[in-house]
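Here is a short report on one model. Look over the sequence and the 3D view, then read on.

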Amino acid sequence: MGMTMTERILARASGRDEVRPGDLVLARVDFAMGHDLTIPPAGKIMREQMGAERIWDPERVAVVQDHFQPAKDAASATLGRMTREFARDMGVRWYFEVGQGGICHTVLPERGLVLPGELVVGADSHSCTYGALNNFATGIGSTDLACVLALGELWFRVPESLRFVYHNRLGEWVEGKDLILHVIGTIGVDGARSKAMEHTGEALRHLDMEARLTMTNMAIEAGAKNGIMACDDVTTTYLRGRAQRPYEPVVSDPDAVYERTFEIDAEKVPITLARPTSPDNMASIDEVAGTRLDQVFIGSCTNSRITDLRRAARVLAGRHVAPWVRLIVTPSSHEVARQAEREGLIRTFLDAGAAWTTATCGACLGGHMGVLGEGEVCLSTTNRNFPGRMGDPRALVYLANPAVAAASAVTGVITHPREVAREPVGA
Amino acid sequence: MTAATILRGRAWRFGDNVDTDQIIPAKYAIYSLDEGRLGQHAMEGVPGNEGGWSQGIARGDIIVAGSNFGCGSSREIAPIAIRGAGVSCVIADSFARIFFRNSINLGYPILQSPQAAEAIEAGDELEVDLEAGVIRDLTRGDEYRADAFPEFMTELMRMGGLVPWVRQRLEERGGRD
Ligand code: SF4
């Protein structure tokens with residue numbers, strides 16, 4: 001019997017010829033990541049409770065200052081300091097200071113640190129993002145991370161795989177975000193609980209790496225353990241000049257076993273949003289158009305990479321944010337910010353009346369720079385809209401793609417981008 | 001530090017898909033190293049609990065929830081906050097995977113039982129036998145069996161979580177050097 005790519009990676013990493021869903025394996029980790037909220041507890045557990053003095057391999061660990069950094073208050077400054085000291089004491093090779101990295105899930109792919117065929121863990125639930133680069137990547141807790149830092153290995157339950165096949169090509173204004181919101185809306189927030197989501201099909205071949213990362217980023221919003229895609233020309237082109245190590249892609253065998261296969265006609269997927277207060281509360285743009293907004297947020301590891309900012313800027317160019325609405329644009333890394341600067345996108349955002357911020361998680365998790373108040377309504381390009389995610393539990397958050405966000409900022413209500421821009425993006 | 005095997009307490013009911021932002025709102029993540037402080041704010045993100053929840057908890061009380069409990073972020077402070085509030089265990093129809101992992105790694109007892117999650121009502125007196133995997137509703141006189149976990153997970157829970165397991169492995173390795 002054949003294996004899926006997920007099974008193949010877990011088999012290799014655990015030194016077995018074959019694994020099956022449900023098997024518990026002890027596997028070697030190829031790369032691990034922690035950030036300013038998860039390194040302090042993990043470091044403490046590793047040193048004080050587990051009694052380890054060193055990390056297993058300083059070359060294979062990234063530490064990123066992103067969640068509450070630049071420090072939003074004194075307590076987060078303390079966490080930032082503990083994170084910094086841990087990275088320094090342990091000689092962590094891939095340490096990203098404020099101003100030099102950005103959001104972990106953008107930084108690791110763009111620095112070529114997470115590669116095809118690898119087993120990657122991150123002490124952050126959206127670590128599943130990296131799977132677009134043909135690896136097994138999953139989010140773990142702080143005690144898990146402490147274990148990995150100390151030993152370089154961790155226990156895993158081999159997940160069942162669900163396959164999503166996207167036929168045809170995406171319609172105008174429809175992006176990776178719409179596809180994944182459509183899938184989550186169809187299967188529900190626990191529709192892939194503890195399973196692997198393997199994405200494949202013709203529509204994906206036409207998606208750039210950024211759009212693919214958006215899709216695997218939200219695997220966890222369907223409850224999945226990981227999201228994964230094959231390695232193709234888009235992948236190898238993206239990795240050229242970035243990859244920090246040699247890599248070996250994995251493929252799913254033709255006779256690999258899937259618990260279920262979903263066939264999706266990408267051409268028929270409309271611009272899709274998630275209504276408050278759950279990512280599976282799916283709505284097409286027509287169903288929610290006209291909803292009044294207080295804030296629009298373009299940011300996060302989901303949808304604030306360079307192609308996302310280009311799409312948003314294209315809609316905003318020469319236009320202005322509606323009165324009584326605030327638009328906050330937070331690039332997801334400093335590399336993205338630099339590129340946006342080179343392309344003149346920052347100018348477009350500033351001229352449109354947007355608040356352009358440094359690269360950080362910021363408003364995404366209700367941390368700082370855009371926290372919502374009671375009863376406020378926000379349209380956001382992020383991945384979660386549970387009660388309280390972006391601030392007050394009575395605030396309402398709609399999730400959408402960046403072009404919808406830009407168009408809605410211009411009108412002040414949820415708006416189809418074609419209403420605002422005459423020319424389609426990328427035309 | 002192995003958990004007591006017989007737990008007793010009153011049931012506190014929650015619905016489906018209670019996520020980690022409801023269990024412990026992100027703004028309290030800055031207290032990630034202070035279990036007591038996290039406990040004071042446990043379940044505060046659940047709509048209606050804005051004024052606090054843990055004040056009403058008696059040590060040993062039990063959370064009974066629907067499906068996908070603990071979905072959302074990887075925050076290990078979610079089970080820690082619940083433990084910090086004095087809750088002795090969580091019974092649910094099902095758990096989200098990272099919450100599940102984190103609890104096992106912490107040696108914190110969680111039980112999956114769709115029947116119990118469906119039938120138990122708020123305020124019921126419960127008794128949980130962890131070794132046997134049995135949940136008794138003393139108020140109603142009902143008894144439920146929790147789903148069995150794979151051997152390795154039961155072993156981790158019995159050892160008190162991942163910390164003692166790693167210590168053991170480090171010692172073995174040290175011995176080899
Ligand atoms: S941007 Fe948001 S979802 Fe992404 S890592 Fe930061 S807080 Fe998490």
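Is helix α8 (residues 209-217) of chain A mostly covered or mostly uncovered? This is a predicted model, and in it helix α8 of chain A is mostly covered: 9 of its 9 residues are buried. Among them are A:Met209, A:Leu213 and A:Met215. A:Glu210, A:Arg212 and A:Asn217 are buried too.

**Confidence**

The predictor gives the complex an ipTM of 0.88 and a pTM of 0.92. Chain B averages a pLDDT of 91, and 96% of its residues score at least 70. Within chain B, confidence is lowest in helix α6 (residues 151-159), at a mean of 84. Confidence is highest in strand β2 (residues 62-65) of chain B, at 98.

**Cores**

Which residues touch the most other members of the largest nonpolar core? They are A:Leu119, B:Met43, B:Ile63, B:Phe69 and B:Ile82, out of 90 residues in that core. Helix α5 (residues 142-151) of chain A gives the most to this core, with 7 residues. A second, separate core holds 60 residues, including A:Tyr130 and A:Met390.

Now take B:Met43. Leaving aside its neighbours within four places in sequence, B:Met43 is in contact with residues including B:Phe14, B:Trp53, B:Ile63, B:Phe69 and B:Ile82. B:Gln22 and B:Asn49 are also among its contacts.

**Cysteines**

The structure holds 0 disulfides over all chains. A:Cys128 is in no disulfide, and the nearest cysteine sulfur, that of A:Cys301, is 8.5 Å away. Two cysteines of chain A are buried, as the table shows.

| Residue | Relative accessible area |
|---|---|
| A:Cys128 | 1% |
| A:Cys364 | 8% |

Methods: Residues numbered from 1 in each chain as written. Chains lettered and ligands numbered in written order. Predicted model: local features only at pLDDT ≥ 70, side-chain atom pairs only at ≥ 80, totals over all residues. Heavy atoms only, no water. Buried < 20%, exposed > 50% of the residue type's maximum accessible area, 1.4 Å probe, protein only. Helix = DSSP H or I, 4+ residues; strand = E, 2+ residues; numbered from the N terminus. Disulfide = S-S within 2.5 Å. pLDDT = per-residue confidence, 0-100. Core = buried A, V, L, I, M, F, W, Y, C linked by side-chain atoms within 4.5 Å. Contact = heavy atoms within 4.5 Å.
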